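User: I've got a structure here that I'd like to talk through with you. Can you take my questions one at a time?

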Amino acid sequence: MKAFAHFCTITKHKKLVLKECFRVGLYKQGLLHDMSKYSWTEFRVGCRYYQGTRSPNNAEREEKGYSSAWLHHKGRNRHHFEYWTDYSYVTKKLEPVRMPDVYIYEMFCDRVAASKIYNKENYNESMPLEYFLRAKHRRIIEEYTAKKLEFLLRMLKDRGEEATFAYMRKHRPGHSRRTGLFAVALLDKIR
């Protein structure tokens, strides 16, 4: 029963991210999003720890002190900022790396879809931002990446889905001659 419920949850999430990525024009990301969740490494953990109200990875983490499914997932899915870390020749430490905008947009769609799936009828457009802000100061995420994601989440909260998706469509990489970079003034407003 838990296996079927988990399958339904991840499939519903994947379909919602697909729909939202398509709204932005990210067809490849929408189609390929979270395919690793169907791998045995991730799927079996999801079935075992399924609760329906939060990620099974958190339950596995509580029991074991880590999540094998998450370690597998973040290493294969570029829409997670945790994927974008590497050792720096300068600091000799693991450092965050700037995410390409196309994956920031997919990450945004992923966070909105997850909020909708787990909060069901209680969902509102401030929830993805609230989730992001809860761990803002503990995260290892590159500054531009964090600011751009927060900018989009604030836009969602303040202006709604239609305006936010229209903005992302207009500014997605490859849409125009623009590089997809934010103006410094916009980034500074987020602080």
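User: Which helix gives the largest share of the lining of the largest pocket?

Analyst: Keep in mind that this is a predicted model. Helices 1, 3, 4, 5, 6 and 7 each supply at least two residues of that lining. The largest share is eight residues, and the element they come from is helix 6.

User: And how much space lies in the largest pocket?

Analyst: The pocket is lined by 42 residues, and those closest to its centre are S55, N58, W70, E82 and Y131. As for the space in the largest pocket, the figure is about 1400 Å³.

User: Switching to cysteines: how many disulfides does the count come to?

Analyst: A pair needs its sulfur atoms within 2.5 Å to count as a disulfide. C8 is too far for a bond, because its sulfur is 11 Å from the closest cysteine sulfur, in C47. C21 is too far as well, because its sulfur lies 4.2 Å from the closest one, in C109. For disulfides, the count comes to zero.

User: Is C21 buried or exposed?

Analyst: For contrast, take C8, which has 33% relative accessibility and counts as partly exposed. Buried means under 20% relative accessible area. C21 has a relative accessible area of 0%, so this cysteine is buried.

Terms used
Residues numbered from 1 in each chain as written. Predicted model: local features only at pLDDT ≥ 70, side-chain atom pairs only at ≥ 80, totals over all residues. Heavy atoms only, no water. Buried < 20%, exposed > 50% of the residue type's maximum accessible area, 1.4 Å probe, protein only. 1 Å grid on protein atoms, 1.4 Å probe; cavity = no way out; pocket = protein on both sides within 12 Å on 5 of 7 lines; lining within 4 Å. Points joined across faces, edges and corners; volume = space filled by probe spheres on them. Helix = DSSP H or I, 4+ residues; strand = E, 2+ residues; numbered from the N terminus.
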